[in-house]
Amino acid sequence: AEGSGAARARDGARSGRAEDRCRLRLPRSALRRAAVGKATMVVFTDLECPYSARLDSRLRELTDKRKDVRVVLRHSPLPMHEHGELAARAAIAADAQGKLGAFIAVAFANQGKLDRSALEAHAKAAGLDATKLTQDMDSKWVTARLAEDLALARKLDVRGTPTVFVESERIVGAQPLATFEHAIDEAVRRP
């Protein structure tokens, strides 16, 4: 099986079944810190999830090719991942330093090493102030931001990672790049 619900998504991502597609209006908070684009992708990820790592590399390729999409990362660490929440906290703190992309690239490349000391080393490798990052990881504002992400995930019935919303279309799992390109093309064409 390819991640939680991914087999179902692989068979049904384009099917239109209710569990694979949905109509939604994303809360304004889901768009925080997003670059401008004609279509918005909200990506629920877990830095300890191998399928989220696979999707991250595909999304980097996608955003290199397309400038008409904005990608918003939201955290939904899965309970079975021992360091998922800690890694999410570190990513939120890295975002505050303006280096989220660099940090998650290092974290995804080192998924077997996501304990506190490893996250500090990843922060240094990504060019972050590692001392500030480790302090911020335990701060109230990081706790509040993670709680906001988790609340949004519950509201949108996100049950596994990665789960992506391209405007109103839900795509579950690390689907092929063409799946996301098609969803973006459809979103851009809509009035």
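Buried residues are those under 20% relative accessible area, exposed ones are over 50%, and partly exposed ones lie in between (1.4 Å probe, protein chains only). The model shown is predicted, so that local features need pLDDT of at least 70 and side-chain atom pairs count only at pLDDT 80 or more, while totals for chains, interfaces and linings use all residues. Residues are numbered from 1 along each chain as its sequence is written, and side-chain values use heavy atoms, with hydrogens and water left out.

**View A. Strand 1 within the structure.** Seven of the seven residues of strand 1 are buried, so this strand is largely enclosed by the rest of the structure. On one face lie Ala 39, Met 41, Val 43 and Thr 45, and on the other Thr 40, Val 42 and Phe 44, all of them buried. Strands here are DSSP runs (E, at least two residues), as are helices (H or I, at least four), numbered from the N terminus.

View B. Four strands form an open sheet in the order 2-1-3-4, with mixed pairing, where two strands pair if DSSP finds at least two bridges between them. Strand 2 (69-75) and strand 4 (169-172) are the edge strands, each pairing on one side only.

**View C. Pairing of strands 1 and 2.** Strands 1 and 2 run parallel and are joined by seven bridges, with Met 41 opposite Val 71 in strand 2.

**View D. Partners of Thr 163.** Strand 1 and strand 3 run antiparallel, joined by four bridges, and Thr 163 of strand 3 is the bridge partner of Phe 44. Thr 163 also stands opposite Val 172 in strand 4.
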